[in-house]
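Let's take a friendly walk through one protein model. Have a look at the picture first, then read on.

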Amino acid sequence: MEAKLALSRTGHYRMSYNITPHAVDVHLKSISWATERGQIDQVQSQQHNIDRLVGSYVANAFESLQLQRAHLERFSDTDYCRAKLSELKLPPAKVWWIQLLAKIALNSAEAPANTRQLATCLRAELPSYETELTIITRVGENLLRLMQCEGTSEIVHTLFADDLMTRWYTSSVTYNLFNALARETVRLICEQTSAKPMNILEVGAGTGGLTSHLLELFDPSATRYHFTDIGAFFLRAGRRRFANYGFVEFATLDLERDCNEQGFPNGSCSLVIANNVLHDTKNLRFTLQNVSRVLAPGGYLLMLELTDPQVWWHMCFGSLDGWWRFKSDPSDDREELMLLKSEQWSELLAATGFDQTTVLSDSVAPDFANRLFLSRVGRG
Ligand SMILES: C[S@@+](CC[C@H](N)C(=O)[O-])C[C@H]1O[C@@H](n2cnc3c(N)ncnc32)[C@H](O)[C@@H]1O
């Protein structure tokens with residue numbers, strides 16, 4: 001822990017302790033996460049069957065389009081793939097996603113399974129994975145139609161109906177561990193930071209899945225929590241969901257534009273929370289610089305990012321615009337997918353103003369889709 005002097009409202013200096021990412025990591029390692037880790041282990045014991053189910057949905061959709069293996073093998077050639085899509089009257093904007101689906105089909109070594117039967121078995125084996133299996137089956141059973149329709153409104157409707165996405169981000173095997181680690185991290189940062197009020201900015205807050213685990217932690221008289229997203233829809237839903245928390249403010253914020261010009265001045269925040277959003281932006285270097293500028297010296301970025309997606313994520317989310325947003329900026333370094341590996345995130349963070357980064361989830365879940373990073377900007 002480092003001690004620093006902060007000027008209080010009465011003009012007296014007082015001590016404020018700011019915990020380092022490394023010290024947070026040490027603290028998290030002292031806690032048992034056996035329940036959350038146990039859920040993950042159970043899912044991983046069925047990973048092969050989950051991948052088989054997804055492979056079968058994809059193979060069935062291509063079969064309905066009368067696309068044989070020989071065609072799919074040529075789909076990595078984008079011009080060929082585009083020509084085939086045009087012949088089959090599939091929307092050209094879906095080319096990147098369909099190339100990814102072709103890879104999934106080619107990598108599934110086994111013959112397609114009976115999808116109904118396999119989904120029923122998985123539901124029986126993994127009752128705690130119900131939300132994820134609902135996402136997979138909803139998209140899988142409608143895959144051909146989703147490949148054929150223009151735009152993203154169909155997939156958005158499929159994913160968001162009955163608050164499915166809210167349930168997923170709030171309480172599911174995929175997020176339980178990461179939400180719990182993030183909550184304990186934020187609790188510790190608040191406890192160790194005596195400089196108040198704390199100005200917290202959540203970017204891409206979306207359904208507010210993580211937010212819902214954090215708001216109870218704050219002292220309402222000493223906190224300003226900015227719930228932001230690019231989409232006005234999420235802000236309306238957030239206002240309803242978090243109406244009881246008077247210290248939460250709602251605003252649109254586009255990470256691809258300077259935060260300073262959108263009501264968040266440079267150096268104004270102590271903590272930025274970014275739950276699976278940064279990869280959705282077209283230029284990661286710009287986005288991270290934007291975030292580091294909005295933080296006060298010594299301020300924290302708590303970031304959850306997808307580093308090792310399972311195949312079902314590609315099938316279910318690969319037709320959303322955010323998956324391919326990076327393609328619109330040739331100066332961004334990503335080539336094939338919007339994701340970075342853990343080490344690449346750490347390098348990019350170091351190059352964009354963050355001088356301490358720890359992957360908080362590595363000791364408990366080094367191998368389950370997401371990673372939770374805590375970074376800190378330099379002290380100026
Ligand atoms: C994959 S979702 C993450 C979900 C979210 N954290 C939750 O708990 O529901 C990505 C979120 O980032 C938002 N987003 C996408 N591009 C953005 C941008 N340029 N600036 C800010 N938010 C953005 C989306 O609207 C969406 O809510």
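A nonpolar core is a set of buried Ala, Val, Leu, Ile, Met, Phe, Trp, Tyr and Cys residues joined through C-beta atoms within 7 Å. Buried means that 20 or more other C-beta atoms, placed from the backbone, lie within 10 Å of a residue's own; 12 or fewer makes it exposed, and in between it is partly exposed.

What you see is a predicted model, where local features need pLDDT of at least 70 and side-chain atom pairs count only at pLDDT 80 or more, while totals for chains, interfaces and linings use all residues. Residues are numbered from 1 along each chain as its sequence is written.

Now for the core. The largest one has 92 residues, and V54, V58, V272 and M315 touch the most other members. Helix 12 (residues 173-192) gives the largest share, 9 residues. Helices here are DSSP runs (H or I, at least four residues), numbered from the N terminus. Because domain 1 and domain 2 both give residues to this core, it lies between them.

Those domain bounds come from an automatic or database domain assignment:

| Domain | Residues |
|---|---|
| domain 1 | 21-30 + 178-377 |
| domain 2 | 38-170 |

Taken over C-alpha atoms, the centres of domain 1 and domain 2 are 28 Å apart. Their contact takes 18 residues from domain 1 and 23 residues from domain 2, where contact means C-beta atoms, placed from the backbone, within 7 Å. On the side of domain 1 that touches domain 2, helix 16 (residues 311-317) supplies the largest share, 5 residues.

How values were computed:
Helices (H or I, at least four residues) and strands (E, at least two) are DSSP runs, numbered from the N terminus. Two residues are in contact if their C-beta atoms, placed from the backbone, lie within 7 Å.
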